[in-house]
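This briefing is meant to be read beside the sequence and the coordinates. Please keep both open while going through the points that follow.

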Amino acid sequence: MADVTMRDLHKNFGDTEVINGIDLSIKDGTFCVLVGPSGCGKSTLLRMIAGLEEIDAGELSIGGQVMNNIDPSKRGVSMVFQSYALYPHMTVYQNMSFGLKLAKTSSETIEHRVRNAAEILQLIDLLDRKPKELSGGQRQRVAIGRAIVRNPKAFLFDEPLSNLDAALRVQMRLEISRLHRRLGTTMIHVTHDQVEAMTLADQIVVLNQGIIEQTGSPRDLYDRPANVFVASFLGSPAMNLLKARVDGGSVVLDGTNSRIYSVDGVDRVSGPVTLGFRPEHVELSEDGIPFEVEFVEDLGDACVLHGVLDGGPRATVRMPAEGVPIFQEERILNVIPGDGRCHLFDRQSGRRC
Amino acid sequence: MTIYHNSLTVKIGLFMIVSVLLVVFLFPFYYALITSFKSGSSIFEVSFFPEKLTLENYIAVFEEQPFGKNFLNSLTISIASGLISLLFGMTAALPLGRFRFKGQRLILLAVLIISMFPQVAVLSGMFELIRALGLFNNWLGLVLCYLIFTLPFTVWVLTTFIRNLPVEVEEAAILDGANPWVLLTKIFFPMMRPAIITTSLLVFVVAWNEFLFAMTFTLSNHQRTLPVAIALISGGSQFEVPWGKIMAASAIVTVPMIALVLIFQRQIVSGLTTGAVKG
Amino acid sequence: MEQRLKSEDTKLSYQKRKVYSAWLLLLPMLVVLLIVAIWPLCYTFFYAFTDASLSTLTNYSFIGFDNFLVQDNGCWYGLVADPLWWYSVWNTIVFAIGSVVIEILLGTIIALVMHTKFIGCSLFRAAMLIPWAIPTVVSAKIWNWMLHDQFGVIDYILVKLQLIANPISWLADHNLTMLTVILVDSWKTAPFVAMLVLAALQMLPNDCYEAAKVDGVHPIKVFFGITLPLIRPALIVAVLFRLIEALRIFDVVYIMTGSAESTMTMSVYARQNLVNFQDLGYGSAASTMLFIVIFFIIAPCLAIMRVDVMKEVH
């Protein structure tokens, strides 16, 4: 079993707390994605798991063994770096076998494992090349191959796709997904790209300022964000978050007289709240709220409309492309968030009500 | 540069400038070479093309003084001071380029300032040092005092280079199980090969050309280095300067340097610029 | 809480271990520099206040500032009272300014030529490096020969071209020796400056030039308006570098003109007293002054340029 468990992990750089009490458990075989804005501590957390950063306080265990003071190479983890970090003076084969050689693995085993990994990653023909003779995608595959041959208990990916161009990124994302299915090993993947997080993860961990904002399956996080931060971080275009107040079983948007009924949780709160609804969950409705379109982005399959709700707050709306003719600037539409698609957050704490 | 119009006048202008520069910078060597092949009174007649080649001067250089030994001295001293500065420069550059600790800034500043020392300023102290160690008139003494300029230079160039190496490669090696020794020998040394080649070339050139220490700390003909030997070639009197011999000796010293420059042009240029821009 | 304390404990020892190994790795370099740089420098400073002589090294006494300035029977003696020393200071400054100006101008021109692409430009670059690579002794000797007042090829050419009527004594005429030495030094080191400038030129953004070309700006205006301001940092570094070298100049001057007064620089003056006159104390005083002059010229330059050593580190 290679569960990865963290208990109250802390890390300071000088006076700044980077990791601020992380409790997290990742089950064996899970694809876990750490996501968050830059500077949120996600890379630091990954490097703490790898052993590249010291753990100031708390406990890290992998497969039931406490790893706080174990050498990086003895933790049974492999890491894939953002810049690939291939050894520039070694061939692909040497790159992949370096760690095994240092571990004094027999040469047959090395040969076997490298060949095996190279086959999985379609690197067989490139084994004698040097990194500088490879393309970005090929280098990335070598970096992954170098991780595979060590048969790790867990893979650590540190933004491995961010140096690739858009098309290649999608392709490599699929390859990593396929690899996870094939190997069934625990993988911990750091990214700032929410699409990557949503598509790859079994379990997403949203980090912000060194603490976990929410963890759960992508569906959970999308459907029931625990707070305003998670709500705004996941989803594109971002969720509309509007100031509002709960008044007698319905929600009134600040600065307008528009009311929204049938919102989950209105019975539990009263007074000022933050109302959230996703642009893609807005529907056209005769008795909806007037929405003046200011700007239209045509994405082909859909249109993203930016505008003003009832003379008050700004909002974004995403509509299927069928309606294109009516989505024109300065046009006023009547819109309403779908039933049960609204989220209420406490105005002060930002938590879900 | 893309700004230049590709017109004929510009091409001719460029050709002219290049020719003038080549003449100004190369003619002295050509003239020295011609002189070195002349003998007797023909030396004192100006001519631009060799008429009668004789090797008289070259033979004289080796017969009348231990020029071969001087050549060997220069070679030994330059290589030795290069190796020592590389060894100590390498070990120092690693923490200076990679670690973070108190006093780091101070050490870098000290290295920078030492590289600015005028040689004369340490001459009397150096004399005392060499005498105390019993290394006067000994090539080991010169190797030692050449370290005052070769070592700071090496430290600077290698430190800048190490600093520009990606940290992630080092971390990947750590995860692969490399200990500090493996890290240094299997990862850092191979990655730093270009910097090491460049630095050793420059250190070699500087040590090969050094004059003041070599002249002050050697006494006998057999211990001298090439520059000193050439400076001291003299005739019977002040008015009988043996120019032919001097030019022959100069040619012998110059040829290896020209070969070095032609082969390692790129490395030398890159070393000169990092050493200077960062130092 | 207990866990937390324990972790901090091990972290401290790890940090300590790393700092410890850093100093261990630095140790060889520090020891060597202490022996070959700091210790001799301190000795020079020390000797400057003694009457030590090379012939009686062990027998000296402490004489305070007498080597620098002392009054005896109403007459002033010592370095600061020696007109020759002041002359050497003047020569050094003339040499430094003259050679640096010529080298920067010549070096920039060479760099601009190197920066253009033409057939054989790589060979041209290599050729320009040769004067830098050969020993100063050799280049000085070659020029001594070419500038010989009777048989020198330079005079021969100039007379043949009818630029001058009679041969010039480049190395004997007191009014010309300094110029000669400056020119020879510039010939040798302009390629070095050219390398620095070339490196800066190669890092210039191409789009500036394309924009200028589109706007139809005259190439000369482009040079002064775009190129020059952009390579200024490199030029300043080159000036500083050459200035340090020029202020401590010894070998070119010594080989071309010996210890002649008209070209005597501070280094030549110090060495003459130290070695030729065997006056270790007085020579050390002159060396000390040279060190102080260089230090006080260079330190403000560094401060103005704000060469932040730490900036390089991270």
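Predicted model: local features only at pLDDT ≥ 70, side-chain atom pairs only at ≥ 80, totals over all residues.

**Helix packing, domains and core**

In chain B, the axes of helix H3 (residues 67–98) and helix H6 (residues 139–164) approach to within 6 Å and cross at roughly 40 degrees.

**Helix pairs**

- In chain C, helix H2 (residues 83–115) and helix H10 (residues 266–276) have axes that come within 8 Å and cross at roughly 145 degrees.
- On the H2(C) side this contact is made by C:Leu84, C:Trp85, C:Ser88, C:Val89 and C:Thr92, while H10(C) brings C:Met266, C:Val268 and C:Tyr269.
- Sorted by class, the residues of the contact of H2(C) with H10(C) are six nonpolar and two polar, with no charged residue.

**Contact of chain B with chain C**

- Chain B puts 82 residues into its contact with chain C, and chain C puts in 80 residues.
- Helix H12 (residues 243–277) of chain B supplies the largest share of the chain B side, namely 18 residues.
- That side of chain B, the one touching chain C, has 64 nonpolar, 15 polar and three charged residues.

**The largest nonpolar core**

- The largest nonpolar core contains 266 residues, and those with the most contacts inside it come from chains A, B and C: A:Ile49, A:Leu156, A:Ile188, B:Cys145, B:Ile230, C:Ala194 and C:Val197.
- The element that gives the most to this core is helix H6 (residues 139–164) of chain B, with 17 residues; H6(B) is also the helix whose axis crosses that of H3(B) at roughly 40 degrees.
- A:Ile49, when its neighbours within four places in sequence are left aside, is in contact with A:Val4, A:Leu60, A:Val77, A:Leu156 and A:Ile188; of these, A:Leu156 and A:Ile188 are themselves listed among the residues with the most contacts inside the core.
- As general background, nonpolar side chains tend to be buried together in soluble globular proteins.

**Domains of chains B and C**

- Chain B divides into domain 1 (8–54) and domain 2 (58–277), and the centres of these two domains of chain B, taken over C-alpha atoms, are 31 Å apart.
- Their contact draws eight residues from domain 1 of chain B and seven residues from domain 2 of chain B, and the domain 1 side has four nonpolar, three polar and one charged residues.
- Chain C divides into domain 1 (2–75) and domain 2 (82–313), and the C-alpha centres of these domains of chain C are separated by 32 Å.
- Here the contact uses 13 residues of domain 1 of chain C and nine residues of domain 2 of chain C, and the side belonging to domain 1 of chain C comprises seven nonpolar, five polar and one charged residues.

**Build of chain A**

- Chain A has eight helices and 19 strands, and its C-alpha trace spans about 75 × 45 × 35 Å along its principal axes.
- Chain A has 353 residues, of which 42% count as buried.
- Among the contacts in chain A with a separation of 6 or more, 66% are between residues 24 or more positions apart.

Notes:
Residues numbered from 1 in each chain as written. Chains lettered and ligands numbered in written order. Domains from an automatic or database assignment. Contact = placed C-beta atoms within 7 Å. Nonpolar A, V, L, I, M, F, W, Y, C, P; charged D, E, K, R; others polar. Helix = DSSP H or I, 4+ residues; strand = E, 2+ residues; numbered from the N terminus. Core = buried A, V, L, I, M, F, W, Y, C linked by C-beta atoms within 7 Å. Buried ≥ 20, exposed ≤ 12 C-beta atoms within 10 Å, placed from the backbone. Axes fitted to C-alpha atoms, helices over the stretch in contact; angles between N-to-C directions.
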